Amino acid sequence: MPSRLLKNSGCSKIVRSSHPQRALRRRSSATLHKGAFEDGGEMAVFQQPARIMRRAASLLLLVMLLVCAVLSAGCQKEQTWQVGAKAPQISVLDLNDATVKLSDFQGKALVVRFWTTGCKACVEGMPALDRYSKRYADRGLVVIAVNMGSSKEMVEAFAKKLKLSYPVLCDPAQIASKKYNVKSVPTTFFIDRGSIARKMIVGELTEEVFDKTVRELL
């Protein structure tokens with residue numbers, strides 16, 4: 001039985017505890033609480049980095065998903081000229097700086113000629129193209145000439161000098177010509193009434209080739 005020592009008037013007296021189990025329980029409880037505190041502290045120390053890692057992983061996953069979405073949208077193949085497919089949509093400027101789109105000619109057979117002011121064959125062939133096309137104007141044929149890279153003033157001067165009846169348009173940044181994959185000038189594209197790309201001819205057009213191709217569109 002546990003005992004305790006009492007000092008009184010120079011004498012020592014041993015007094016035995018009447019509740020040894022209660023004392024033992026108090027000591028055990030104190031030890032248990034201490035251990036629980038220590039274990040909880042250790043668990044908190046280990047759990048905190050784990051939570052940070054989980055949050056970091058979630059954030060990283062979110063960033064990766066966003067990057068993939070952006071890349072997927074940005075890396076979609078841009079529509080370019082392909083016979084039998086929809087003709088690429090383009091936006092160019094007329095000589096009054098108004099935007100002209102390919103969709104403006106919906107339901108029309110369309111001839112798109114890309115040219116430059118420094119191309120002698122282009123300039124000489126434009127009046128002939130005007131002459132060819134006038135025979136089909138009342139049957140729904142539209143001809144447009146898209147200049148690549150020259151200033152509006154220069155293009156306007158050429159248009160006035162040549163006295164063309166069809167629209168002469170500007171592609172100063174050559175965005176439209178890139179969509180049509182123009183490698184040399186003049187290059188002429190033929191598009192049917194359903195906006196389907198039908199034919200591309202590089203170089204100058206003869207009247208015979210023009211008539212044959214246009215009749216297939218109308």
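Leaving aside neighbours within four places in sequence, arginine 193 is in contact (heavy atoms within 4.5 Å) with Gly107, Lys108, Ala109, Arg139, Gly140, Leu217 and Leu218. The model is predicted, so local features need pLDDT of at least 70 and side-chain atom pairs count only at pLDDT 80 or more, while totals for chains, interfaces and linings use all residues. Residues are numbered from 1 along each chain as its sequence is written, and side-chain values use heavy atoms, with hydrogens and water left out.

Arginine 193 is found in the loop between β8 (187–191) and β9 (197–202); helices (H or I, at least four residues) and strands (E, at least two) are DSSP runs, numbered from the N terminus. The relative accessible area of arginine 193 is 35%, which makes this residue partly exposed; buried means under 20%, exposed over 50%, and partly exposed in between (1.4 Å probe, protein chains only). The side chain of arginine 193 reaches two backbone oxygens, that of arginine 139 at 2.6 Å and that of glycine 107 at 3.5 Å. A polar contact is a pair of N or O atoms within 3.5 Å; within protein, one must be able to donate a hydrogen and the other to accept it, and residues adjacent in sequence count only if both atoms are side-chain atoms. Between the C-alpha atoms of arginine 193 and leucine 141, which are 52 residues apart along the chain, the separation is 9.0 Å.

The chain has five helices and nine strands, running β-β-α-β-β-β-α-β-α-β-α-β-β-α from the N terminus on. Of the 218 residues in the chain, 32% are buried. Among contacts with a separation of 6 or more, 64% are between residues 24 or more positions apart.

Helix α2 (residues 120–133) has 14 residues. From its first C-alpha to its last the helix reaches 20 Å, close to the 20 Å expected at 1.5 Å a residue, where the expected span is 1.5 Å times one less than the number of residues. At methionine 126, shortly before proline 127, α2 has a kink of about 35°; the bend at a residue is the angle between axes fitted to the seven residues ending there and the seven starting there. Buried residues of α2 include Cys122, Val123, Met126 and Leu129. The buried residues of this helix pack against β5, β6 (141–148), α3 and α5 (207–217).

One disulfide is counted, a disulfide being a pair of cysteine sulfur atoms within 2.5 Å. It joins cysteine 119 to cysteine 122, with S to S at 2.4 Å. The link of cysteine 119 and cysteine 122 is right-handed, with 80° about the S-S bond. Cysteine 119 has a relative accessible area of 11% and is buried, and cysteine 122 is buried at 0%.

The structure holds nine aromatic pairs. Rings of Phe, Tyr and Trp (its six-membered ring) pair if their centres lie within 6.5 Å; planes under 30 degrees apart count as stacked, over 60 as edge-to-face and the rest as tilted. Tryptophan 115 and phenylalanine 158 form an edge-to-face pair, 6.1 Å centre to centre with 65° between the planes. This pair links distant parts of the chain, 43 residues apart: tryptophan 115 lies in strand β5 (residues 109–115) and phenylalanine 158 in helix α3 (residues 152–162). Tryptophan 115 is buried at 0% relative accessibility, whereas phenylalanine 158 is partly exposed at 25%. Trp81, Phe114, Tyr180 and Phe189 form one aromatic cluster.
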